[in-house]
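Biologist: Hi, I have this one open on my screen. Could you walk me through it?
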Amino acid sequence: MVCPRCILLIHQEFQALQVEVKTVRLGEVEVFRPLVDTQLKALEERLVQLGFELLVDDVAIIVEQIKRKIIEYAEAQPILPVNLSDYIATVATMSYARMARLFVQHTHLTIERYYILYRIERVKELISYCEYSLEEIAQQLHYKDASHMSKQFKKIVGISPSIYRKNQSFERKFLDDIIT
């Protein structure tokens, strides 16, 4: 779940199954009572139809929590006073090194690579709005400067951000597609 509409949709699906929900947050639903098997199966089927998945595997849950922390870190305003690894270490009671290994096994990307790819997708999004200069985008996404952002963008996308802006062919990836 990556937007308010997704959260609303998930909340509605739980209501349709007559399951009382405490909270629905990005990638997480907390219920008052555990679901019975029939509810769980019906929920899983409906989520798959809607393009979501129900995570029950502990590793998959940790990986999603890490992704959520990466997004929070990248979007934080002002810049957080900790580095990414320290911020992610707050996810679970295991070491950062173990979380990093699980993340790579599950996504085939390092945490740092996912963070870079996420930021590049956000750069594409902000460019498509045509509201911000490249310098402002770089500041929003915690790059040292627009030059650093442009070099990273060109390395990954194949063209510079300014050419990307001029082309007006804003091809972006869904967050779930970052790992492919």
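Modeller: Gladly, and please keep in mind that this is a predicted model.

Biologist: OK, and at roughly what angle do the axes of the two helices cross?
Modeller: The axis of helix 3, which covers residues 58-75, and that of helix 5, which covers residues 96-107, come within 10 Å and cross at roughly 105°. Because of that angle, helix 3 counts as roughly perpendicular to helix 5.

Biologist: Switching topic: is K124 buried or exposed?
Modeller: K124 is buried, because its relative accessible area is 7%, and the cut-off for buried is under 20%. This lysine is found in helix 6, which spans residues 111-129.

Biologist: Which side chain does K124 join in a polar contact?
Modeller: The side chain of K124 is joined to that of E121 by a polar contact of 3.0 Å.

Biologist: Now the strands: how do strand 1 and strand 2 run, and how many bridges join them?
Modeller: Strand 1, residues 21-25, and strand 2, residues 28-31, run antiparallel and are joined by four bridges. As one example, V21 has V31 in strand 2 as its bridge partner.

Biologist: And what lies between the two strands?
Modeller: The two strands form a hairpin with two residues between them, and in that turn G27 has a positive phi of about 75°.

Key. Residues are numbered from 1 along each chain as its sequence is written. This is a predicted model: local features need pLDDT of at least 70, side-chain atom pairs count only at pLDDT 80 or more; totals for chains, interfaces and linings use all residues. Side-chain values use heavy atoms; hydrogens and water are left out. Axes are lines fitted to C-alpha atoms, for helices over the stretch in contact, and angles run from 0 to 180 degrees between N-to-C directions. Angles under 35 degrees count as roughly parallel, over 145 as roughly antiparallel, 65 to 115 as roughly perpendicular and the rest as oblique. Buried means under 20% relative accessible area, exposed over 50%, partly exposed in between (1.4 Å probe, protein chains only). A polar contact is a pair of N or O atoms within 3.5 Å; within protein, one must be able to donate a hydrogen and the other to accept it, and residues adjacent in sequence count only if both atoms are side-chain atoms. Two strands pair if DSSP finds at least two bridges between them.
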